[in-house]
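I opened this notebook to record, step by step, what I looked up in one structure that was new to me.

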Amino acid sequence: MIHLNEPSPAEDTEMLRIVIAVDGSEPSLRAIDAAARLAKDAEVEAVLLNVRPGPAYHGDISPRDYERIGEQERAHQDKVLAAALTHARLAGLERAIGQAETGTPEVDVPRVATEREADLIVMGTRGLSSLGGLLLGSVAQRVVHHATVPVLLVK
């Protein structure tokens with residue numbers, strides 16, 4: 001007997017799509033853990049997203065030095081994503097992929113969530129942002145403001 005409020009055996013279980021903002025901080029690792037706890041009750045596809053600003057060019061360094069700084073920042077971003085992917089898989093998020101973006105988190109995290117048709121954004125409330133972020137309001141608050149999907153903030 002099939003009850004009306006239960007899915008029939010022939011129906012596919014719907015996958016929960018989550019974008020997890022990661023920056024290498026302890027709160028971003030806790031965000032991965034929170035998403036993994038959600039995965040215990042649903043099939044989850046997770047995108048571990050790292051958004052970094054491009055190198056700032058102030059005119060007092062050579063173009064070659066500017067390019068080298070950009071390469072170093074990309075290498076650091078790759079390390080952050082590799083560590084986040086390892087953490088995610090150990091936490092049980094088997095369907096996790098990494099995505100690197102250059103831009104601003106408050107704009108690009110919601111943009112990527114929309115592009116990937118995510119159901120949820122998960123992120124820590126404190127990351128590795130500069131003191132300027134404290135003065136302008138938290139990145140998490142700005143992501144919540146720009147997002148069109150629910151945002152789960154993890155302390």
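Entry 1, confidence. Where pLDDT is low, the predicted coordinates should not be read in detail. For the protein as a whole I noted an average pLDDT of 84, with 82% of the residues scoring at least 70.

Residues are numbered from 1 along each chain as its sequence is written, and side-chain values use heavy atoms, with hydrogens and water left out.

I found five helices and five strands, taken as DSSP runs numbered from the N terminus (helices H or I, at least four residues; strands E, at least two). Along the sequence they follow the pattern β-α-β-α-β-α-β-α-α-β.

Strand 1 runs parallel to strand 2, joined to it by six bridges, and Ile-20 stands opposite Leu-48 in strand 2; two strands count as paired if DSSP finds at least two bridges between them. Strand 1 also pairs with strand 4, in the parallel sense over three bridges, and there Val-19 stands opposite Ile-121.

Which residues have the most contacts inside the largest nonpolar core? I listed Ile-18, Ile-20, Val-22, Ile-32, Leu-48, Leu-93 and Val-122, in a core of 20 residues. Such a core is a set of buried Ala, Val, Leu, Ile, Met, Phe, Trp, Tyr and Cys residues joined through side-chain atoms within 4.5 Å, and buried means under 20% relative accessible area with a 1.4 Å probe, protein chains only. Strand 1 (16–21), helix 1 (26–39), strand 2 (44–52), helix 2 (63–91) and strand 4 (120–124) each supply at least two of its residues, and the largest share, five residues, comes from helix 1. A second, separate core of 15 residues includes Val-19, Ala-21, Val-112 and Ala-140.

Leaving out residues up to four places away in sequence, I found Leu-93 touching several residues, among them Ile-20, Ile-32, Val-44 and Ala-88.

Technical notes:
This is a predicted model: local features need pLDDT of at least 70, side-chain atom pairs count only at pLDDT 80 or more; totals for chains, interfaces and linings use all residues. Buried means under 20% relative accessible area, exposed over 50%, partly exposed in between (1.4 Å probe, protein chains only). Contact means heavy atoms within 4.5 Å. pLDDT is the predictor's confidence in each residue, from 0 to 100.
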